[in-house]
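Morning, everyone. Let me put the model up, and then we'll go through a few side chains.

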Amino acid sequence: MRIDIMTLFPDVVLDMLCESILGRGQERGYIRIECHQIRDYTKNKQRQVDDYPYGGGRGCVMLAQPLYDCWKHICDEAAMRVHTIYMTPAGSVFKQNDAKRLSSEYDRLILVCGRYEGVDQRFIDECVDEEISIGDFVLTGGEIPAMVVADAVCRLIPGVLPDEESYTNDSHWDGLLEHPHYTRPAIWMDRAVPDVLLSGHHENINKWRQEQSLIRTRDRRPDMYEKLELT
């Protein structure tokens, strides 16, 4: 899996995505994440990437031309049109099933990070295949959402995590929230680890974890709980 991120802050994005699990995944060749500085594709000395919106209003809008030239460079390098996602609060809300879909259906993605009031709609119409939001709120730019999507997708690529159980037991994989976790010591601040987890009885432990997962989902996410088909 390769992900190309179009951004005004490539160093910030790479600093995050080249550490820890994703960093090791790149070192081992399972994934590759590249950032592209949009300003490198401007056509004036000021390296201008934005201008005032037609029709008036506050703020500025990112210009279509440098975005397009950056996008075209990536596609030309790939010798194909790459599935392109624009990170925007106006997009569909990103969920675990989207991470599954993107990781299984595509070998290469482009993530476009907007800034200011957004990007010229004509670039979206011409180049973008999908618009994604990470929630019903607004951030100062698309870099954090792009990192969220890249992280969620890349951790599902075979080899990035040790085995499938590393993510198939996570929250949201099968419509449930994950059960609580405990580690040493057995008692901390007068709070004890549940006895079943110390029993060594794996069947009882699995049953406890399933029950706790259901309880947590029911209490914290009744919207998810209502969709479950319980026996």
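Searching the whole structure turns up one aromatic pair. The rings of Tyr 68 and Trp 71 have centres 5.8 Å apart and planes at 35°, so this pair is tilted. The cut-offs: rings of Phe, Tyr and Trp (its six-membered ring) pair if their centres lie within 6.5 Å; planes under 30 degrees apart are stacked, over 60 edge-to-face, the rest tilted.

A word on the source. This is a predicted model, where local features need pLDDT of at least 70, side-chain atom pairs count only at pLDDT 80 or more, and totals for chains, interfaces and linings use all residues. Residues are numbered from 1 along each chain as its sequence is written, and side-chain values use heavy atoms, with hydrogens and water left out.

Back to the pair. Tyr 68 and Trp 71 sit three residues apart in helix H3, residues 64–78, about one turn of the helix. Helices are DSSP runs (H or I, at least four residues), strands too (E, at least two), numbered from the N terminus. Trp 71 is buried at 8% relative accessible area. Tyr 68 is partly exposed at 27%. Buried is under 20%, exposed over 50%, partly exposed in between, with a 1.4 Å probe and protein chains only.

Next, Glu 130, in strand E7, residues 130–133. Buried or exposed, this Glu 130? Buried, with a relative accessible area of 14%. Beyond its neighbours within four places in sequence, Glu 130 is in contact (heavy atoms within 4.5 Å) with residues including His 83, Tyr 86 and Arg 101.
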